[in-house]
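The sequence and structure come first.

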Amino acid sequence: MQLSLGDRVRKYPRQGRSRDTVSVLLEAAAQMFNREGLTATTNRIAERAGVSIGTLYQYFPNKHAMLRELAVRHLVTGGEQLGHVFATLRETRPPFEETMRAIVEVIVDLHSQRPALHALLHRVAARLPQDLAVMRAFEDYLVDEIGYHLERCGRGGADVSLTARTLVHAVDAQVHRVPARHPITAEQVMSLIRKLT
């Protein structure tokens, strides 16, 4: 399913009360998407949020816009948390196993709540060209950071960049596809990384 250009936030709240309303709406949407997937409706989301459907439509034209905004917020949160970890790891330069565990623990933690929502965000939300470009840039950022540590620790084989990209996509598949049916742990992801490096 592709998101159309109309699937955007109608207006961004400027006042505190409006920001609170949007936060409540997005929390309700996250709960409903996690529980019902794409069968969740704006009516049920508004009901869950305790607001009128008219209030929801003040900010979001449809449920796909809400899903897209949840994806954007997830990406921002993940980028901030991983950015702090990457900065610390570049400064402290721990051994490979410790480096990868620090990264993996953040990634698993980011995806431990509402796994069905994360699977949905991964498969549906980023379909506009600009969204895909942002996702690719984020993946490239992850690949560069993982590649740096692979090379620093003498891992990754002849093509460190390819190994780093393979690791990023393998871990991505684990955290976005597996947990919807089976919870995943940092140790399981670390086991996968050991096999690939």
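pLDDT is the predictor's confidence in each residue, on a scale from 0 to 100. For this predicted model, the chain has a mean pLDDT of 86, with 87% of its residues at 70 or more.

Over residues 1-7, pLDDT stays under 50, and the model has 19 contacts for them beyond four places in sequence. Where pLDDT is low, the predicted coordinates should not be read in detail.

The largest nonpolar core holds 29 residues, of which Leu82, Ile103, Ile146 and Ile193 touch the most other members. Two or more residues of this core come from each of helices H4 (63-92), H5 (96-112), H7 (129-152), H8 (160-177) and H9 (186-196). H5 gives the largest share, 8 residues. Leaving aside residues up to four places away in sequence, Ile193 touches Phe96, Met100, Val104, Leu167 and Val171.

Within H5, the buried residues are Phe96, Thr99, Met100, Ile103, Val104, Val106, Ile107, Val108, Leu110 and His111. An α-helix has 3.6 residues a turn, so residues three or four places apart point the same way. The end C-alpha atoms of H5 lie 24 Å apart, which agrees with the 24 Å that its 17 residues should span at 1.5 Å a residue. Arg114, which follows H5, has a positive phi near 55°.

Methods: Residues numbered from 1 in each chain as written. Predicted model: local features only at pLDDT ≥ 70, side-chain atom pairs only at ≥ 80, totals over all residues. Heavy atoms only, no water. Contact = heavy atoms within 4.5 Å. Core = buried A, V, L, I, M, F, W, Y, C linked by side-chain atoms within 4.5 Å. Buried < 20%, exposed > 50% of the residue type's maximum accessible area, 1.4 Å probe, protein only. Helix = DSSP H or I, 4+ residues; strand = E, 2+ residues; numbered from the N terminus. Expected span 1.5 Å × (residues − 1).
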